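I opened my notebook to look a few things up in this structure. Here are my entries, in the order I made them.

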Amino acid sequence: IKRMPLPNDFGKTKNTKHNMKNEKYELVRNILGEDFISPEDVMHSCKEITYSNEQLAHFSKTVPTQEILQWCRDNNFILIAGPNRPISLIEVREINNKYFRRKEKAWYTNQKFSNEENVEPKWYMIRKYAAPYSTFKNWKEQELLISNDKFVPNAPEFAWAITIYRDLRGAYFFNEISIRTSSLDNDKDNVAIGLFNKEGLIVAGVRNYCRSKTLGIAIGKTA
């Protein structure tokens, strides 16, 4: 996969107070490299997103421990900052419209999950690949793979992570596979996101009894 270089001004803010605090991010970058996306990186990607000084300070104070960061590196997890406010899947699509296959009208536009569930202003640790051994399984079988210190991201959390990563790093995750999220469509089936390529990602409702070699489950780690 071809990746984009890191811009020279990543990790900097206009406020010198936060420049000093964000020196803490150097440790994170040394461990995770391009798999770390800070609030400053997010602002570089999304001109609509601006964090307050208080939010920047909170992100700086709540960086995961070195032990957790090393675990993320060894298990293919990225660390990414959420937006400056809770936003829905529809808002994620508005911000990163060019990375969605359906730019406007889509089957999920008026679904409850896409308007009421949110990605929050906090750190997210999300795996770059499907949970291990999660293909060829239905939803109930996939759920059993998620241990107590893990969680299944919802649709806006997952879409936020992979579209921001694509914009900043140039990599398409899940270009040959769809990933079940914790979000439920109106039929109470889990929503899958994936098949993410230059035409954009697909958001699909998949019956929970379905099994496929191209259908896994998303996984995140709790702090």
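This is a predicted model: local features need pLDDT of at least 70, side-chain atom pairs count only at pLDDT 80 or more; totals for chains, interfaces and linings use all residues.

I started with Cys210, which has 26% relative accessibility. That value lies between the 20% and 50% cut-offs, so I noted Cys210 as partly exposed. Cys72 has 0% relative accessibility, so I put this one down as buried. Then I looked for disulfides and found zero in the structure.

**Helix 2.** Which residues of helix 2 are buried? I went through residues 25-32 and listed Tyr25, Val28, Arg29, Ile31 and Leu32. I then asked why they end up on the same side of helix 2. The reason is that they cover an arc of only 165° around the axis. I was pleased to see a charged residue, Arg29, in that buried list.

**Helix 4.** I repeated the exercise on helix 4, residues 53-61. Here the buried residues are Leu56, Ala57, Phe59 and Ser60. Their arc around the axis is only 160°, so they too sit on the same side of their helix, helix 4. What is on the other side of helix 4? I found Glu54 and Lys61 there, both exposed.

**A pocket.** Next I turned to the second largest pocket, and I wrote down a volume of about 160 Å³. Which residues line the second largest pocket? My list has Thr62, Pro64, Lys122, Trp123, Tyr124, Met125, Phe151, Lys221, Thr222 and Ala223. I sorted this lining by type and got six nonpolar residues, two polar and two charged. The two lysines, Lys122 and Lys221, are in the lining, and lysine counts as charged. Which element gives the most to the lining? That is strand 3, residues 123-127, with three residues.

**Strands 6 and 7.** My last stop was the pair made by strand 6, residues 190-197, and strand 7, residues 200-205. How many bridges join strand 6 to strand 7? I noted five, with the two strands running antiparallel. Strand 6 and strand 7 form a hairpin, and I found two residues between them.

Key
Residues are numbered from 1 along each chain as its sequence is written. Side-chain values use heavy atoms; hydrogens and water are left out. Buried means under 20% relative accessible area, exposed over 50%, partly exposed in between (1.4 Å probe, protein chains only). Helices (H or I, at least four residues) and strands (E, at least two) are DSSP runs, numbered from the N terminus. The arc is that of the directions from the helix axis to the C-beta atoms. A disulfide is a pair of cysteine sulfur atoms within 2.5 Å. On a 1 Å grid over the protein atoms alone, a cavity is a set of points where a 1.4 Å probe fits but cannot get out, and a pocket is an open set with protein on both sides within 12 Å along at least five of seven lines; lining residues have an atom within 4 Å of a point. Grid points are joined across faces, edges and corners, and a volume is the space filled by probe spheres set on the points. Two strands pair if DSSP finds at least two bridges between them.
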